[in-house]
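Here is a short briefing for a reader new to this structure.

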Amino acid sequence: MSRDFVFGCAMLALSGGYYLMAASLPQSLLDDAIGPQGLPKAYAYVLATLSLIQIIRSLPRRSPGAAASGLRGNHLHAWWRPLGILLIGVGYLTVVPWLGYTLSLAGLIFATIRYQRGEGVWRAGVVATTGAVFFWLLFVRLLGIPQPAGLWPSLF
Amino acid sequence: MMDVLYTFAGFLITPLVPAAFAGVAWGILGGALPGISPSITMALLVPFTYGMDPGVAVVLLASTYVGAEYGGSIPAILIGTPGTNAAAATVIDGYKMKQQGRADEALGISLYSGFVGGMIGLVVLVFLTRPLSSLALAFTPAAYFALGILGLSIIASLSGESLLKGVIAGVLGLMVAAIGTDPVTGINRFTFDSPELLAGIAPILVMMGLYAVTELIEQSGKPGLEASATLTSRTRVRFPSRALWRRIARPQAIGSAIGTVEGVMPGSGGTIASFLAYNEARRWSSQKEEFGHGSPEGVAAPEAANNTVACTALVPMLSLGIPSSNSAAVLLGGFLIHGLSPGPMLFVRHLDVLNGLFAGLLVANVAMLIVGYLIMTPCLWLVSRPKPYLMAFIYALVVSGVYAIETSLFQVGLALAFGALGYAMRYFTVPVLPLVLGVVLGYMVESNYRRALVLSSGNHMTFVDDRIAFWLLAFALVFVVGSLVRHVGRARRPSRQHDLTV
């Protein structure tokens, strides 16, 4: 499968889902000639058409050589490896309501440094703690922007 | 013009001056980091501007853009890696000069040429923006709709190699813009019963995700993360001598002229301008043979060009509300979170902010000379940091900054989701800017289209009868056809060359 083919199929599926959601929007007595469904449905039609063109255009390129630029082998590794950094962000979002801003941010900085093979656990830990305190001072103290406090206020 | 001068006089005693200096300093530091583009540097700063006065905020962001264009040339000259795309042409002769022990001279030429280009660009910006927006009071919903379509029509020229993928990205942007409360009936669309989505998705969240988060994801997959450049802290900026000043005047003029045209034209940008300027400077130079071997002219032309673009790219953004580059799109996001809508009505409702911006850009260009001279040591330190640490701090800045916009973790999640989308788009070689354009212009297009039809009792001829709408739509058509012709020509050229060689 070439990337263009996969991309075209994904967009076609998206257009289908978007159309179904647009079609299920409620009608209103205040509706104008176009209505709230009008343009979203049109976008779905256009996206579906463009996706089909994309799929058709990608078909002749499917050859044994095209597999090299596809989604297999090392390329699979190449595209999922960076997504680890995204998972660190998801982890931060998960723990921050409980652990609070400073602790969670220290965890995010530490995890990012280690994930990128930054040197030494202790050094990364010191940098993460210093960084989290720095950002807390900057956002909460200096700029007066409240960040998530976590469970700590309820414990003390 | 007089009101600009009056504003400028009052400006010197306001917080706008420190904002211009701070923006330039931040821009130079951000631009100096390879991989961190001016748009990302600006996007990282946007959350900090949330509580600021709108005038101060836009000056801070625009000054960042100015500073980043110079900042990009620092690693281009010192380590042969451009900090920004637009500085790629500077590598050719700038890095050669460094290898010859003339790094100080190259940095001085870059800084001075950036200043000259920026000042010329500012003059063009001041004189061209106002006439373009003089139609402000005559704009009807039909004309606003047509303006949105004109904005979307530049997707064709922003799509790079694949027009089809660019248009798909534009449609995705329009789909995102449809999320939230319907502009006419008030019905909730695609909100999944989430109160956070009722007001739609703020363009700035999309930009933070697509630019900053995507770059983090992308960088984390690149090898050589541990490597850091080893630089001498003795490097300084040395401004050109009088003889050199005379020699680089012509390439600066060439760079500024090309930067003016490329900046005003939607979809061109600083990278194309700097390479064109380099090429033309070589063509018109009396010392052509020196190009590629450490020519001062080869540094002056592209640097003048990309700093001219930093100002002239704001012409379509301010006058028509159409962002023609990533950086202009982020600046537009900065305008929007402060309740300022760039476009024709900006001159009517927020003239003070606009004049402040012009004066701020003037100070920013002067500040670039001063800050650029003084900031070299911290820049060298920053460029030498190991990437894992830099990435971790940028990530912390992103999650903290996005949360600060509306103190919502949901929005942090949205920014991460758009980061993942941006990474997928890069993987499938889909351009990002058309999507941003769709998000920014989608609401304007839909709401005015439907309002125009309500006012004309559903008669589509209203878009032809309204003269402004008609001409804007005609321009959009010309733009699309022109871009299509260019794309078809570009697609045929390689095959023709292939035919000749076989």
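A pocket is an open set of points on a 1 Å grid over the protein atoms alone, where a 1.4 Å probe fits, with protein on both sides within 12 Å along at least five of seven lines; lining residues have an atom within 4 Å of a point. This is a predicted model, in which local features need pLDDT of at least 70, side-chain atom pairs count only at pLDDT 80 or more, and totals for chains, interfaces and linings use all residues. Residues are numbered from 1 along each chain, and chains are lettered from A in the order in which they are written.

**Pocket**
- The second largest pocket has a volume of about 1100 Å³, the volume being the space filled by probe spheres set on the points.
- Its lining has 46 residues, and Leu336(B), Ser341(B), Val440(B), Tyr443(B) and Met444(B) lie nearest the centre.
- Helix α23(B) gives the largest share of this lining, nine residues.

**Helix crossing**
- In chain B, the axes (lines fitted to C-alpha atoms) of helix α6 (residues 88–99) and helix α15 (residues 296–312) come within 8 Å and cross at roughly 145 degrees.

**Aromatic pair**
- Over all chains there are 14 aromatic pairs, meaning rings of Phe, Tyr and Trp (its six-membered ring) with centres within 6.5 Å; planes under 30 degrees apart count as stacked, over 60 as edge-to-face and the rest as tilted.
- Tyr19(A) and Tyr45(A) form a tilted pair, because their ring centres are 5.4 Å apart and their planes at 55 degrees.

Methods. Heavy atoms only, no water. Axes fitted to C-alpha atoms, helices over the stretch in contact; angles between N-to-C directions. Helix = DSSP H or I, 4+ residues; strand = E, 2+ residues; numbered from the N terminus.
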